[in-house]
Amino acid sequence: MADVAIVGGGPAGLSAALFTAKNGLDTVVFDTDDTWLHKAHLFNYLGIESIDGSEFLEKAREQADDYGVERHMGAPVTDIERDKDDFRIVTDDGDHVVHYVVLATGADRDLAEHLGCDFTDSNTVSVDLSMETSIENAYATGAMIRDQEWQAVISAGDGGAAALDILSKEKGEHFHDFDTPEDA
């Protein structure tokens, strides 16, 4: 059983996966690779002068893999259900039970709706400042929580915020993922 399941392998999902796996949580990512980032070129991503979206994803996946993220490519999640205090993630390859779920499916809000997450008046998923939805331990990120604010760098920040909240809950205190040059 993994600790965290992330549905979506774009900037938000991979950012969340990187933070949780790097800090010791077993993390699984379900990625259909159906992301708008393949049509993008990033000029406005902090720290990157210019990069093709597909190349960016390749580098981000490699970075997540380096920390032991278990990625399931081409494995769409067909359902998410509460299973007592956990979540059951349903895919064609089988079911996965996890304690936390991060929804990073772009503007596709179907899984959030099926899970029973609250929505705003503008039909986006309602979250708190840590990206947690109305369902405890379920997080939503990126375009599903923002009305027309679909930027890769914003989505990555949302994924990081969700991951830090999960890590804070797991560690029992507010957690910062702050590395020093000696850590590198």
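In which strand is histidine 72 found? Histidine 72 is found in β5, a strand that spans residues 70-73 and stands at one edge of a sheet. The structure is a predicted model. The protein holds four helices and 10 strands, and 47% of its 184 residues count as buried.

**Overall build**

- Read from the N terminus, the elements follow the order β-α-β-β-β-α-β-β-β-β-β-α-β-α.
- The radius of gyration is 15 Å, close to the 16 Å given by the globule rule for 184 residues, so the protein is as compact as a globular protein of that length.
- The C-alpha trace spans about 45 × 35 × 35 Å along the principal axes.
- Among contacts with a separation of 6 or more, 54% are between residues 24 or more positions apart.

**The five-stranded sheet**

- An open sheet is built from five strands in the order β5-β2-β1-β9-β10, with parallel pairing.
- The edge strands are β5 (70-73) and β10 (138-140); each has a single partner strand, so one side of each lacks a neighbour in the sheet.
- On average, neighbouring strands of this sheet are turned by 15° against each other, direction ignored.
- Strand β9 (residues 100-103) runs parallel to β10 and is joined to it by three bridges.
- Across this pair, valine 101 stands opposite alanine 138, which belongs to β10.
- Helix α4 (residues 152-171) lies across β1 (4-7), β9 and β10, and runs at about 170° to β9.

**Histidine 72**

- The relative accessibility of histidine 72 is 19%, and it counts as buried because the cut-off is under 20%.
- The side chains of histidine 72 and glutamate 70 are joined by a polar contact of 2.7 Å.
- Leaving aside residues up to four places away in sequence, histidine 72 touches Val28, Val29, Phe30, Asp31 and His96.

**Serine 15**

- Serine 15 is part of helix α1, which covers residues 11-22.
- With 13% relative accessibility, serine 15 also falls under the 20% cut-off and therefore counts as buried.
- Its contacts, not counting residues up to four places away in sequence, are Ala156, Gly159 and Gly160.

Definitions and conventions:
Residues numbered from 1 in each chain as written. Predicted model: local features only at pLDDT ≥ 70, side-chain atom pairs only at ≥ 80, totals over all residues. Heavy atoms only, no water. Pairing = 2+ DSSP bridges. Helix = DSSP H or I, 4+ residues; strand = E, 2+ residues; numbered from the N terminus. Axes fitted to C-alpha atoms, helices over the stretch in contact; angles between N-to-C directions. Contact = heavy atoms within 4.5 Å. Buried < 20%, exposed > 50% of the residue type's maximum accessible area, 1.4 Å probe, protein only. Polar contact = N/O pair within 3.5 Å; in protein donor to acceptor, adjacent residues only side chain to side chain. Rg over C-alpha atoms; globule rule 2.2 N^0.38 Å.
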